Structures are given as structure tokens and as C-alpha cells.
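Q: Hi, I have a structure open and I'd like to go through it step by step. Could you help me read it?

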Amino acid sequence: MSVVGFDFGNENCLVAVARQRGIDVVLNDESKRETPSIVCFGDKQRFIGTAGAATTMMNPKNSISQIKRLIGRPFSDPELQRDLKSLPFTVIEGPDGFPLIQARYLGEMRTFTPTQVLGMVFSDLKIIGQKNLNAAVVDCCIGIPVYFTDLQRRAVLDAATIAGLHPLRLMHETTATALAYGIYKTDLPENDQLNVAFVDVGHASMQVCIAGFKKGQLKILAHSFDRSLGGRDFDEALFQHFTTKFKAEYHIDVNQNARACLRLRAACEKLKKVLSANPEAPLNIECLMEEKDVRGFIKREEFEQISIPILERVKRPLEKALQDAGLAVENVHTVEVVGSASRIPSIMKILTEFFGKEPKRTMNSSECVSRGCALQCAILSPTFKVREFQVQECFPFSIAISWKGAAPDSQNGAADNQQGTIVFPKGNPIPSIKALTFYRSGTFSIDVKYADVSELQAPDKISTYTIGPFQSTKSERAKVKVKVRLNLHGIVSVESATLLEEEEVEVPVTKEPSKEPAKMDTDEVLSDAATKGPNEADANMEEAKSAADASGVENGVPEADKPTQMETDIKVEAPKKKVKKTNIPVSEVVYGGIPAAEVEKLVEKEYEMALQDRVMEETKEKKNAVEAYVYDMRNKLSDKYQEFVTDPEREGFTAKLQETEDWLYEDGEDETKGVYIAKLEELKKQGDPIEVRYKEYTERGPVLDQLVYCI
Ligand code: ATP
Ligand code: MG
Ligand code: K
């Protein structure tokens, strides 16, 4: 079983693997640790990662990047709309209201969902892991931004499925960082709590988390974020600055030319990086457009001036994190910054001022997320033994469920009153299970939604669950227990529904009555709301202990609206009440996302595309082999094979080699793998005998020499 952690960034991805000796961030084919998050569609194949980045400039309209910004968001999302403006490829609205990416692939226009494209990125990362581990990669842990919605989380899981991966956990990036920070620390206090703020300023977003560390454990106290504040906003500020400048100075409108836009943006990004280490920086682009070379120059002060609107937003997530953690700034003992955009000096200045202390950069800021994910994967994997370390994660949003109140009887027509309660308040531990009791006479439904949409830009509705059919044999309104789960990935679902019916059974009085109640599990200790008036809320909530709590998180959640009453009146006397449990079917509708059957088909499609890529790679290899043979043989014929061929033989073969070389650049430029294999064989038929003659001679040679020497 594989133990792998993936960090999929807006810009770059990293793969970390766990080996018995520790965690390694592994290298891709180009010997780099960072792999660009790019899929470039070509006429014959896809180019993913580093290969994709290499072809972007030549093929900007079919090079898909920024996928992390696109997944799991409706097309109408204003943030998405803003993002689309600076992307060189085309995104249209699909029939389901979600974005579809258009690209020219295998000679025709096609559309792909962002989830599908993320699946391609994952496939590439999976291969990087496999090459390094020399084993199949399936089990993994994937880092996600803390602000990802239910739908975005589901999209990441679907993309993983498409790539043939099985995530044991989707892990919040800042939590992964905190784990990578804490697990190796040997000086964590036994009793006091060490509070550390982690600030990640990445390419497109900023995330903050405050974690409390003690020996052997880490507890997330608060998460906060700004979904769109990152390095690219500074690039954009510089881009706007120079676009205006060039309009005035060179009379060119960069926005009219996709390639010029890309080049200027890339130059601005470089400029920004230079300004992190230098007080000023030049910008020169040859032949940007209309055959004009452009020149520019900017000082750090001016850069900071044009960045004010961005910099002003940095403080808000910091304040929010402190507030939610219930901490004063003095109670944060250490500040750790990660994310490459935090290298911008003015950001560091703001952080220093806010916390009243210099933030530290102890972590390898680009690798910490993937490392933390690999560590989490190792903790969850049965095949690895990891130092005892608990991760207590908390959820960043409040989740509510709502339902329609049931009419107690047909004369009383108040059936439509919508009721609801918060099942998982913000800060709820992950994972967690809650149980609710309903009194219903037939099939009913429950909506799962966000309690506060101001926290996120998403529709409030997440999913609807239909519970039923069921039939109660006893009373008209049956007692139904519904379990709602917030799983390890931070995805909410109704897990099960159970019909609970009390039956009276004759039980002889036993001699050890005290043992009886102990046999009941928590399921049976339910409040009995049947005594309540019909217009009172008819759902009761309780904590259910999750046996599957992989990280050992306790379900320490505030009391529900209607606290649970224990059935203290159970006495072990005949006749006795016994609870009969029957499972009730539950069906799920998620608003958005790909239906499970469709994901299956996408797995197939990905397999086909991957196969096509492989065939093309092999074709290139075989073509290269023919070319290499031509050069190699030609050299040898006039060198070490010279003595082993007759003149006519050499002339004939040399002509043949020349003919092949010409063919490679003309008719044979674009052939199938089989044709190149056949061509190589054909050449070898002529070349092999020469090679054999040469080998026989050289192998005999040394023996003779030795003999001579011995004599
Ligand atoms: P995200 O976290 O948003 O998903 P990511 O993880 O890919 O994206 P990072 O690799 O942490 O993002 O950061 C990339 C950003 O950091 C880019 O905008 C890049 O231009 C910027 N960056 C990299 N090096 C520097 C530097 N020396 N100075 C300023 N900015 C930098
Ligand atoms: Mg990142
Ligand atoms: K383990």
C-alpha cells in the first residue's frame, strides 16, 4: 500500500512519499520537485505538468491552468468570472450551470470539466510517485484549501477517482503544514499549550490557521482565509501598470493579444520576484506584439504603492483567526509563514506589525503541505508505524439541516413549516457524527445547507436526502433516527436512517438486573420526544460516538437545541420494552458535481487518453531510436567498422542511412510507432553483420594479446 501526499497548487504541485526512513519530496522526470499544474492539449496527445508548461507559450489557448480555481464552482460564481478574464483558454457554461473548458485535442474541439482536468493533473502526479516508489500508488492524502466547499471537496475526490487514486483523507493545507511542523518537535510542552499561527500566502489565496501543540498532539483552534488574495494579485497589479504604460508609450494594447498577455504576465511575475530581493527591477520583452520591443522599470516603493489595495486585505484573515481561536495576539507564541508569495517584503512587514514579532520561516515553505499530507497518510495507513501524534481538526463552516415539520393529523394543516438546526457549528471537530430523532408517518426529506453563506461564495444548499419509505406497525408516527456525518474529508452526508420501534416483551426478572442497561448502546438511549406537543420541533439531536474516528478526535460539540434526556425510567421488570431497529433507505441528491455512473465513464476516458499519450511517447522514442542509429552507424562506418566492411558494402549502407535521414525529415516525419520499429529493423539487418564481425574480432583480440603476453 502506498503512502503518498499530494499538494496540488494553483501553480505547482508536489509529491511526497513515505519510506521507512522518512518522508521525501520526490523529483519529476525533469528532476524538479515542483510540477506545474498545467494540462496542454495537443493534436496527438496531452502534455501534462512540466511538459505542459513547456508547450504553453506555443499553444496558449489549449493550455489549461488554474484548475484549482475552477473546480466545484458554478459558472455564475463572480469570483470564477473574474478569474476567467485573465485566463487564455475558453470556458463556457455547461447545461448543468457549471463550467466546461474548451480545448482543441486530437484535431477537434472538445470540452472537459474542470474535475476531469484535475484528474489529468492527478494522473501525472501519480506517475511521478510510482516512478519513485517503484510501486503502484493508490492510497494517498491530498491537500486542499480550508475554504473548499462541500462540492469542491467532492470534485477533488472525483478527480482522484478518475486518476485511480484513493484518498484516505483530504487534508486542509494549513493543517498539513502544522502536522509537518509539530510531529518532529521534541520539545512540545506536556501541559501548557504552544500556540502557533501558520500563514500561507500562495498563488491565489491566503490561509491562516492557529494550532495549539502539546506533547503528542496538535489541535486546530481556528481557520481563516481570503479566497482571492495571493501572489497572482500582485502580478495582476504589475500587469495593469505596464499595460497602461505600454499603451501610452508604444501604442499597443496587450489585451488584444493572448500570447502577448501571457508573456507580459510571466514577465510581471518575474519582476515581482526580483523585487522581493532587490530595491528595483527592469522589464524587457522583445517583440511583445506588433514587432515592438518594450522596456520598463519599477522601484519597490512604486510596486508597494500600486499594491496597496491588496496589502490592505492581509490583516483581516489574521484578525479573524485570532478572534475565532479566542486568543489575544500575545498568546500566539510563534508565527510560521509558508507559501511562496509570502516572500514579498511588504507582506512580511504587515505580519510582523500585526503579531508584534518577526514571523519565522522554519518550514520548507513549498514542501510542507505535501510532507504533512504524506505524514497524515502514514498515520492513517495500517502499513506504517508513525510516532504517536493526534491531529484534532476543526471545520471552518457551520452546517445546518432543515426539514418540513410533519402535520400531526390531517385536520391540522400546518405541514409546511420549515424547521432547522445547526448540526455542525463552525469549529466542529472533523470527523464527527450526530444523530437526530424524527417522528414521521412516512417518507420525508432533509436539506443539508450552509448556515451562513456570507462566509463563502456558494449557494447555501448542499444536498437533499430522502428518507423512506418505511412503515410503522405500532403508532401512526414512527420514531426515526437519522445519522449525519461530517467525514474525514470535511464532506457532510446523511449516513443512515433507522426505524426504532418499542416492543413489549415478556422477560423473566433476572437475578442481576443491574447488568441490563449496560448492554444498551448509545443508539438506544434516545430522548423520547413523543410526549411533546405537535408543534414543537420534532427533531432531537444527540452525539453519537464514531467508532471510525481515525484520528481519535473527540466529539466535544456544544449541546444541541434540545438536550438529550436519558431514559432513566427503564427498569428491569417484566414486561420489558425492547427496541426493534429497521434500516430505512436513504437517497442522496447533491447540487452539482458528477453522478457516480458518470465518474465511471470518465475513468475509462482518462485511461484512453493516458494510453494515447503513452503511445505517442513511445512513438517519439522509436523515432529517436532510428535517428540515433543513423548517426551512430554513419560515424562507426568511417571509424571503427572501417576495416570490417568492403568499399561497396560501406557505400551502399551509407547511402541507405542518408536516405533514412532524409525520410525522417520528410515523409517519415510523422509515422506510427510500428513504422519506426520496422525501419530500425530494416537498417539493423544490414548493420548487424558488420557489428558481429567487429565484435568477434575485438573479443578474440584481447585473448590473443594475453597469450602473446604470457609467452
Ligand atoms: P495556492 O496555494 O494558491 O494553491 P501554490 O501553492 O501553487 O498556490 P505557491 O507555490 O505557494 O502557490 O506560491 C506561488 C506564488 O508565489 C506565485 O504567485 C509566485 O509568483 C509567488 N512567488 C514565488 N517566489 C516568489 C518570490 N521570491 N517573491 C515573491 N513572490 C514569489
Ligand atoms: Mg499552496
Ligand atoms: K499508521
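Q: Let's begin with contacts: among those between residues at least 6 apart in sequence, what share joins residues at least 24 apart?
A: This is a predicted model, and in its chain 70% of the contacts between residues at least 6 apart in sequence join residues that are at least 24 apart.

Q: And how many helices and strands does the chain have?
A: There are 16 helices and 30 strands in the chain, and of its 711 residues, 51% are buried.

Q: Okay, sheets next. What is the strand order in the open sheet of 3 strands?
A: The order is E8-E9-E10, and the pairing is antiparallel. Strand E8, residues 90-93, and strand E10, residues 108-112, each have a single partner strand, so they stand at the edges and one side of each has no neighbour in the sheet. Ignoring direction, neighbouring strands of this sheet are turned against each other by 35 degrees on average.

Q: How many bridges join E9 to E10?
A: Strand E9, which covers residues 99-105, is joined to E10 by 5 bridges, with the two strands running antiparallel. Within this part of the sheet, Tyr105 stands opposite Glu108, which belongs to E10.

Q: Which helix packs on that sheet?
A: That is helix H4, residues 114-133, which touches E9 and E10 and whose direction makes about 95 degrees with that of E10.

Q: What about the open sheet of 5 strands, which order does that one have?
A: Its strands follow the order E21-E20-E24-E25-E30, again with antiparallel pairing. Strand E21 (418-424) and strand E30 (586-590) are the edge strands, each pairing on one side only, and the twist from one strand to the next averages 25 degrees.

Q: Which residue in E30 is the bridge partner of Thr464?
A: The partner of Thr464 is Val589. As for the strands themselves, E25 (residues 461-467) and E30 pair in the antiparallel sense over 5 bridges.

Q: Which helix lies across E24, E25 and E30?
A: Helix H5, residues 150-162, lies across those strands, E24 being residues 444-450, and H5 runs at about 100 degrees to E30.

Q: Switching to aromatic rings, how many aromatic pairs are there?
A: The count comes to 23 aromatic pairs. One of them is formed by Tyr147 and Phe148, which are edge-to-face, with 6.0 Å from centre to centre and 70 degrees between the planes.

Q: Are Tyr147 and Phe148 buried or exposed?
A: Tyr147 counts as buried because its relative accessibility is 3%, and Phe148 is buried as well, with a relative accessible area of 1%. Both residues also belong to one aromatic cluster, together with Phe225, Phe395, Phe397 and Tyr450.

Q: Why is the pair of Trp663 and Tyr676 called edge-to-face?
A: The planes of the two rings stand at 65 degrees, with the ring centres 5.9 Å apart, so the pair is edge-to-face, given that an angle over 60 degrees counts as such.

Q: Which charged residue lies over the face of Trp663?
A: Lys679 does, at 4.6 Å from the ring centre. Elsewhere, Arg440 lies over the face of Phe444, at 5.1 Å from the centre of that ring.

Q: Now the potassium ion (ligand 3): which protein donors does it have?
A: The donors are the O atoms of Ala378, Ile379, Ser381 and Phe384, lying 2.6 to 2.8 Å from the ion. Along the chain, these donors follow the spacing A-I-x1-S-x2-F. Among them, Ile379 is partly exposed at 28% relative accessibility, whereas Phe384 is buried at 17%.

Q: Last one, where is Lys61 found?
A: Lys61 is in the loop between helix H1 (50-56) and strand E7 (63-64). Leaving aside residues up to four places away in sequence, Lys61 touches Pro88, Phe89, Gln102 and Ala258. Its C-alpha atom is separated by 8.4 Å from that of Arg104, a residue 43 residues apart from Lys61 along the chain.

Key: Residues numbered from 1 in each chain as written. Chains lettered and ligands numbered in written order. Predicted model: local features only at pLDDT ≥ 70, side-chain atom pairs only at ≥ 80, totals over all residues. Heavy atoms only, no water. Pairing = 2+ DSSP bridges. Helix = DSSP H or I, 4+ residues; strand = E, 2+ residues; numbered from the N terminus. Axes fitted to C-alpha atoms, helices over the stretch in contact; angles between N-to-C directions. Contact = heavy atoms within 4.5 Å. Phe/Tyr/Trp six-rings, centres within 6.5 Å; stacked < 30°, edge-to-face > 60°. Buried < 20%, exposed > 50% of the residue type's maximum accessible area, 1.4 Å probe, protein only. Lys NZ or Arg CZ within 6 Å of the ring centre and 35° of its normal. Donors = N, O, S within 2.8 Å, 3.2 Å for Na, K, Ca; no water.
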